[in-house]
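Hi,

Here is the structure you asked for. Please open it first, then read my notes below.

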Amino acid sequence: MERPDKINYYLDIAETVSRRSTCLRKHYGAIIVKNDVIVATGYNGAPRGRKNCSDVNYCMRDALGIPRGERYEMCRAVHAEANAIIAADRDKMLGSTLYMSCIDPKTDSLVGGVCSCMMCKRMVINAGIKEVIVRETETEYTVYDVADWIENDDSMSGKFGY
(Lines give C-alpha, C1' and ligand atoms only; values in the text may rest on other atoms or scores of the structure.)
Protein backbone atom coordinates (compact mmCIF):
# COMPACT_ATOMS: atom_id res chain seq x y z
CA MET A 1 0.00 0.00 0.00
CA GLU A 2 1.33 3.40 -0.98
CA ARG A 3 0.67 6.28 1.42
CA PRO A 4 -0.20 9.66 -0.03
CA ASP A 5 2.24 12.42 0.82
CA LYS A 6 1.05 14.86 3.51
CA ILE A 7 -0.04 17.57 1.06
CA ASN A 8 -2.17 15.16 -0.97
CA TYR A 9 -3.57 13.73 2.26
CA TYR A 10 -4.90 17.18 3.18
CA LEU A 11 -6.02 17.84 -0.40
CA ASP A 12 -7.96 14.55 -0.28
CA ILE A 13 -9.75 15.83 2.82
CA ALA A 14 -10.46 19.18 1.11
CA GLU A 15 -11.86 17.26 -1.86
CA THR A 16 -14.16 15.29 0.45
CA VAL A 17 -15.29 18.54 2.08
CA SER A 18 -16.10 19.92 -1.40
CA ARG A 19 -18.72 17.21 -1.82
CA ARG A 20 -20.86 19.03 0.78
CA SER A 21 -21.11 22.04 -1.53
CA THR A 22 -24.57 23.13 -2.65
CA CYS A 23 -23.41 25.21 -5.63
CA LEU A 24 -24.65 24.25 -9.08
CA ARG A 25 -21.50 25.50 -10.85
CA LYS A 26 -18.49 24.21 -8.90
CA HIS A 27 -17.97 22.38 -5.60
CA TYR A 28 -15.10 23.85 -3.57
CA GLY A 29 -13.75 22.49 -0.32
CA ALA A 30 -11.18 24.15 1.92
CA ILE A 31 -9.40 23.12 5.08
CA ILE A 32 -7.10 25.17 7.26
CA VAL A 33 -4.21 23.24 8.83
CA LYS A 34 -1.65 24.39 11.39
CA ASN A 35 1.01 22.20 12.97
CA ASP A 36 -0.56 19.10 11.40
CA VAL A 37 -3.92 19.83 13.02
CA ILE A 38 -7.05 20.64 11.02
CA VAL A 39 -8.26 23.99 12.38
CA ALA A 40 -11.42 24.38 10.27
CA THR A 41 -13.17 23.23 7.12
CA GLY A 42 -15.49 25.00 4.70
CA TYR A 43 -17.35 24.46 1.46
CA ASN A 44 -19.27 26.83 -0.80
CA GLY A 45 -22.97 27.18 -0.17
CA ALA A 46 -25.73 29.57 0.84
CA PRO A 47 -25.56 31.21 4.28
CA ARG A 48 -27.11 29.26 7.14
CA GLY A 49 -30.88 29.37 7.04
CA ARG A 50 -31.15 30.36 3.38
CA LYS A 51 -32.14 27.92 0.70
CA ASN A 52 -29.23 26.53 -1.28
CA CYS A 53 -28.94 26.81 -5.04
CA SER A 54 -29.15 23.03 -5.16
CA ASP A 55 -32.51 23.24 -3.28
CA VAL A 56 -34.04 25.86 -5.58
CA ASN A 57 -32.22 24.51 -8.68
CA TYR A 58 -31.32 28.02 -9.77
CA CYS A 59 -28.10 29.98 -10.17
CA MET A 60 -28.45 33.71 -10.74
CA ARG A 61 -24.93 33.96 -12.17
CA ASP A 62 -25.69 31.20 -14.72
CA ALA A 63 -29.02 32.83 -15.60
CA LEU A 64 -27.22 36.13 -16.26
CA GLY A 65 -24.31 34.48 -18.12
CA ILE A 66 -21.72 35.82 -15.67
CA PRO A 67 -18.27 34.25 -16.22
CA ARG A 68 -16.30 32.64 -13.40
CA GLY A 69 -14.46 35.02 -11.14
CA GLU A 70 -16.82 37.95 -11.76
CA ARG A 71 -19.78 39.60 -10.04
CA TYR A 72 -19.73 37.53 -6.86
CA GLU A 73 -22.23 39.89 -5.28
CA MET A 74 -24.76 38.08 -7.49
CA CYS A 75 -23.88 34.70 -5.96
CA ARG A 76 -25.92 33.18 -3.11
CA ALA A 77 -22.93 31.22 -1.79
CA VAL A 78 -20.34 31.93 0.84
CA HIS A 79 -17.04 30.66 -0.58
CA ALA A 80 -15.24 27.65 0.87
CA GLU A 81 -12.24 29.69 2.05
CA ALA A 82 -14.53 32.23 3.73
CA ASN A 83 -16.53 29.51 5.48
CA ALA A 84 -13.33 27.88 6.77
CA ILE A 85 -12.02 31.25 8.00
CA ILE A 86 -15.35 32.05 9.69
CA ALA A 87 -15.18 28.71 11.55
CA ALA A 88 -11.63 29.19 12.87
CA ASP A 89 -10.00 31.15 15.68
CA ARG A 90 -7.59 33.72 14.25
CA ASP A 91 -4.74 32.68 16.54
CA LYS A 92 -5.00 29.17 15.11
CA MET A 93 -4.86 30.50 11.54
CA LEU A 94 -1.70 32.61 11.97
CA GLY A 95 0.99 30.92 9.89
CA SER A 96 -1.34 28.13 8.76
CA THR A 97 -1.92 26.53 5.36
CA LEU A 98 -5.24 26.49 3.51
CA TYR A 99 -5.79 23.48 1.23
CA MET A 100 -8.42 23.73 -1.50
CA SER A 101 -9.96 21.38 -4.04
CA CYS A 102 -12.63 21.90 -6.70
CA ILE A 103 -15.00 19.41 -8.32
CA ASP A 104 -17.24 19.98 -11.33
CA PRO A 105 -20.64 18.67 -10.18
CA LYS A 106 -21.76 18.02 -13.75
CA THR A 107 -18.89 15.61 -14.48
CA ASP A 108 -17.83 14.72 -10.91
CA SER A 109 -14.24 15.44 -11.95
CA LEU A 110 -11.46 17.56 -10.50
CA VAL A 111 -11.09 21.09 -11.81
CA GLY A 112 -7.57 22.46 -12.02
CA GLY A 113 -6.43 25.98 -12.69
CA VAL A 114 -8.53 27.55 -9.94
CA CYS A 115 -7.50 29.88 -7.16
CA SER A 116 -9.09 32.12 -4.57
CA CYS A 117 -11.11 35.07 -5.85
CA MET A 118 -10.01 38.61 -4.93
CA MET A 119 -12.44 38.77 -2.00
CA CYS A 120 -11.22 35.47 -0.57
CA LYS A 121 -7.59 36.49 -1.09
CA ARG A 122 -8.23 39.53 1.11
CA MET A 123 -9.78 37.32 3.80
CA VAL A 124 -6.89 34.84 3.61
CA ILE A 125 -4.41 37.70 3.99
CA ASN A 126 -6.21 39.17 7.00
CA ALA A 127 -6.61 35.74 8.61
CA GLY A 128 -2.82 35.42 8.72
CA ILE A 129 -2.74 32.29 6.57
CA LYS A 130 0.78 31.70 5.20
CA GLU A 131 0.10 29.66 2.07
CA VAL A 132 -2.70 28.26 -0.05
CA ILE A 133 -2.31 24.90 -1.77
CA VAL A 134 -4.75 24.12 -4.59
CA ARG A 135 -5.27 20.67 -6.12
CA GLU A 136 -4.69 20.52 -9.88
CA THR A 137 -4.89 16.73 -10.45
CA GLU A 138 -5.07 13.69 -8.17
CA THR A 139 -1.40 14.16 -7.27
CA GLU A 140 -0.39 17.61 -8.54
CA TYR A 141 -1.01 20.92 -6.84
CA THR A 142 -0.01 24.57 -6.89
CA VAL A 143 1.38 26.33 -3.83
CA TYR A 144 0.59 30.04 -3.43
CA ASP A 145 2.63 32.11 -1.00
CA VAL A 146 0.16 34.58 0.53
CA ALA A 147 2.98 37.14 0.89
CA ASP A 148 2.97 37.29 -2.94
CA TRP A 149 -0.72 38.25 -2.85
CA ILE A 150 0.21 41.17 -0.62
CA GLU A 151 3.16 42.27 -2.74
CA ASN A 152 1.45 41.74 -6.12
CA ASP A 153 -1.94 43.31 -5.39
CA ASP A 154 -4.19 42.05 -8.20
CA SER A 155 -7.06 44.24 -6.95
CA MET A 156 -5.25 47.15 -8.60
CA SER A 157 -4.99 45.43 -12.00
CA GLY A 158 -8.49 46.16 -13.29
CA LYS A 159 -8.72 42.54 -14.54
CA PHE A 160 -11.78 40.43 -13.87
CA GLY A 161 -11.89 36.72 -13.14
CA TYR A 162 -8.97 34.58 -12.13
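A word on burial to begin with: a residue is buried under 20% relative accessible area, exposed over 50%, and partly exposed in between (1.4 Å probe, protein chains only). Please note that this is a predicted model: local features need pLDDT of at least 70, side-chain atom pairs count only at pLDDT 80 or more, and totals for chains, interfaces and linings use all residues. Residues are numbered from 1 along each chain as its sequence is written, and side-chain values use heavy atoms, with hydrogens and water left out.

**Arg-25**

Start with Arg-25. Its relative accessibility is 15%, so Arg-25 counts as buried. Arg-25 sits in the loop between helix 1 (6-18) and strand 1 (27-34). Helices (H or I, at least four residues) and strands (E, at least two) are DSSP runs, numbered from the N terminus.

What does the side chain of Arg-25 reach at 2.5 Å? It reaches the backbone oxygen of Ile-66. The Arg-25 side chain also makes a polar contact with the side chain of Asp-62, at 2.6 Å. A polar contact is a pair of N or O atoms within 3.5 Å; within protein, one must be able to donate a hydrogen and the other to accept it, and residues adjacent in sequence count only if both atoms are side-chain atoms.

Leaving out residues up to four places away in sequence, Arg-25 touches several others, including Cys-59, Pro-67, Asp-104 and Lys-106. Contact here means heavy atoms within 4.5 Å.

**Salt bridges**

Side chains of opposite charge can pair when their charged atoms come close. The rule for a salt bridge is a side-chain nitrogen of Lys or Arg within 4 Å of a carboxyl oxygen of Asp or Glu. By this rule, how many salt bridges are there? The count comes to 9.

One of them joins the side chains of Arg-25 and Asp-62, at 2.6 Å from N to O. Arg-25 is in the loop between helix 1 and strand 1 and Asp-62 is in helix 3, so the pair ties together parts 37 residues apart in sequence. Asp-62 is partly exposed, at 41%.

Lys-26 forms a salt bridge with Asp-104, and their closest N and O atoms are 4.0 Å apart. Lys-26 lies in the loop between helix 1 and strand 1, and Asp-104 in strand 3 (residues 97-104), so this pair ties together parts that are 78 residues apart in sequence. Lys-26 is partly exposed, at 27%. Asp-104 is buried, at 15%.

Arg-71 and Glu-73 also meet through their side chains in a salt bridge (2.5 Å, N to O). Arg-71 is partly exposed at 44%, whereas Glu-73 is exposed at 56%. Elsewhere, salt bridges that share partners link Asp-12, Glu-15, Arg-19, Asp-108 and Arg-135 into one network.

**Cysteines**

A disulfide is a covalent bond between the sulfur atoms of two cysteines. The test is a pair of cysteine sulfur atoms within 2.5 Å. A search of the whole structure finds 0 disulfides. Cys-23 is buried at 14%, and Cys-59 is buried at 12%.

Best wishes
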